[in-house]
Amino acid sequence: MNGPIVHDAHTLPPNDNVNPYAFCVDLSGRWFLQKGKMIAYYGQITFNGIGHGPLDRLVATSFHSPLHASDWVVAEGKGRMLLADRAFDVNSYDLEDGNLTIRSGNLLAFEPSLALKQSIVPGFVTLLGTGKFVAASNGEVHFVEPPVRVDPQALVGWADCPSPCHHYDHQYMRGVLGGLRAMTGIGGVSGEEHQFDFTGAGTVLIQSTEVLMEERDTGAPPPSQPGVPGAGGGHGGRGGQQMPQLPGQLGDIQRRFGL
Amino acid sequence: MAQFRLQGGKVLAVDLAGDTVRAKNGSMVAYDGQMAFKKLTGGGEGLRGLVTRRLTGEQMEMMEVKGQGTCYFADRASDIGLVTLQGQKLHVESSNLLCADGSLRTGTTFTGLRGASQGNGLFTTTVEGTGTAALMSDGPAVVLRVTPQSPLQVDPGAYVAHTGDLRQEFQTGVNFRTFMGEGSGESFQIRFEGEGLVYVQPSERNTIGGDV
């Protein structure tokens, strides 16, 4: 019987997948990684939070998301480290002077030659520049070209797409019955009325399940600021009293009825 | 001796010819031939083992399978890895042990501080002797070799098992930043030194130290 493959500090593939679920980074210098995604390492590596003083310059050039700062650390040193996440599929991607937006929970690590910026789409981050990054997905990643509509839960990210937007199937507004249905959920909804719509040139990454990475508060939009989509406390325009949201409600229909 | 085979990574098939294996209680999914399943109280380690396991919290519900034919084991679609032992000692978390040859001895040992950070208790299960044992992990386990020149650090949440002559040391990077909410999330590691193999799963259990 031949046993499992044994890896050591030298046979671990540098900057490549060990198996579909684990990725080996050949570290010499610095990498950004999300907290708790390192499973093992050889060599001398230290982990420091983003707020660590000596990292100030690095953070200033390649980390532009104060929201996510508490979820990221910088690995520094020399050695090989293994990254993995909940036995999800892990892949590395090379970006060449490009941009890619990805669900914040799916990004595991990236090289500091890339810059991380918070996307204006809440819950997503954008990577800009040239370099390598590692991302996880539940099931294999599929690449599709726009125009395409994607289930929100299956979306991992997109590259170079100019206009990601929401798409609602028109059904919810058709007639009084449609309105009632949407408001109450009675009569059944397929659960697929809402999609993300991508048009133009680019690539969209989707995963093969609708199970999301357990998200921490990473997707929360920044605190109240005029003009920031989805910003908390933006209900000011509608008076203090908030209507309790009914399940299955789409697009603030009650407002149309003056409720 | 029982023959262990993997069927597609998540199912273990064991060919038995009148011999016995010990498996996690309730992990049989199918069998061919004649099989008898006997619950083993306290992991089949006798009264002393029973008491030790109760006291240490390293509880293990095992059953003894005896018969002729092929028995299939699986548990919650966990990935399974086989470890062949020739007199060495395998240290494994009791929750990760699926099946062991009947000729292997199992026991409990003190692991030190590592267990505390894992939330798995201070004790671990040992498997000793000659034969095959099957380990479960969340995602296929990666086997990493430790040599005196290249010690290995492992996240406690990803540790599954180890064999060989290894010293383990609990390593912390806790400093004042940790208490200010500026922790690195990788503050706790187990450092393995010596000569041996470490099994690591591509996933992290929820650990007490995991978020620090």
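Over which residues of chain B does pLDDT stay under 50? That stretch is residues 208-212 of chain B, for which the model has 14 contacts beyond four places in sequence. Here pLDDT is the predictor's confidence in each residue, on a scale from 0 to 100, and two residues are in contact if their C-beta atoms, placed from the backbone, lie within 7 Å. This is a predicted model, in which local features need pLDDT of at least 70 and side-chain atom pairs count only at pLDDT 80 or more, while totals for chains, interfaces and linings use all residues. Residues are numbered from 1 along each chain as its sequence is written, with chains lettered from A and ligands numbered from 1 in the order in which they are written.

Confidence comes next. Chain B averages a pLDDT of 81, and 77% of the residues score at least 70. Helices (H or I, at least four residues) and strands (E, at least two) are DSSP runs, numbered from the N terminus. For the complex, the predictor gives an ipTM of 0.79 and a pTM of 0.79.

As for its overall make-up, chain B has 12 strands and 3 helices. Of its 212 residues, 47% are buried; a residue is buried if 20 or more other C-beta atoms lie within 10 Å of its own, exposed if 12 or fewer, and partly exposed in between, with C-beta atoms placed from the backbone. Take the contacts in chain B between residues at least 6 apart in sequence: 78% of them join residues at least 24 apart.

Now for the place where the two chains meet. Chain A puts 29 residues into the contact and chain B puts in 30. On the side of chain B that touches chain A, the elements giving two or more residues are strand 5 (79-92), strand 9 (142-146), strand 10 (152-154) and strand 12 (188-200). Strand 9 of chain B gives the most, with 4 residues. Sorted by class, this side of chain B has 13 polar, 10 nonpolar and 7 charged residues. In that count Ala, Val, Leu, Ile, Met, Phe, Trp, Tyr, Cys and Pro are nonpolar, Asp, Glu, Lys and Arg are charged, and the others, Gly among them, are polar. Strand pairing also crosses between the chains: strand 4 (residues 38-49) of chain A pairs with strand 10 of chain B in the antiparallel sense, over 3 bridges. Two strands pair if DSSP finds at least two bridges between them. A:Tyr42 has B:Leu152, in strand 10 of chain B, as its bridge partner.

The largest nonpolar core holds 100 residues, of which A:Leu82, A:Leu83, B:Leu135 and B:Val200 touch the most other members. Strand 3 (residues 22-34) of chain A supplies the largest share of this core, 8 residues. Such a core is a set of buried Ala, Val, Leu, Ile, Met, Phe, Trp, Tyr and Cys residues joined through C-beta atoms within 7 Å. Beyond four places in sequence, the contacts of A:Leu82 include A:Val18, A:Ile39, A:Tyr41, B:Val142 and B:Val200.

B:Val142 sits in strand 9 of chain B and counts as buried because it has 28 C-beta neighbours inside 10 Å. Its contacts beyond four places in sequence include A:His7, A:Asn19, A:Leu82 and B:Pro202. B:Val142 and B:Pro202 are 60 residues apart in sequence, yet 7.5 Å apart in space, C-alpha to C-alpha. B:Lys89, in strand 5 of chain B, counts as partly exposed because it has 17 C-beta neighbours inside 10 Å. Residues up to four places away aside, B:Lys89 touches B:Thr126, B:Glu128 and B:Thr163.

Over in chain A, 3 strands form an open antiparallel sheet in the order 12-15-14. Strands 12 and 14 of chain A are the edge strands, each pairing on one side only. Strand 12 (residues 148-150) is joined to strand 15 (residues 194-198) by 3 bridges, and strand 14 (residues 165-168) pairs with strand 15 over 4 bridges. A:Asp197 in strand 15 is the bridge partner of A:Arg149 and also of A:Cys165. A:Val148, for its part, stands opposite A:Phe198 in strand 15.
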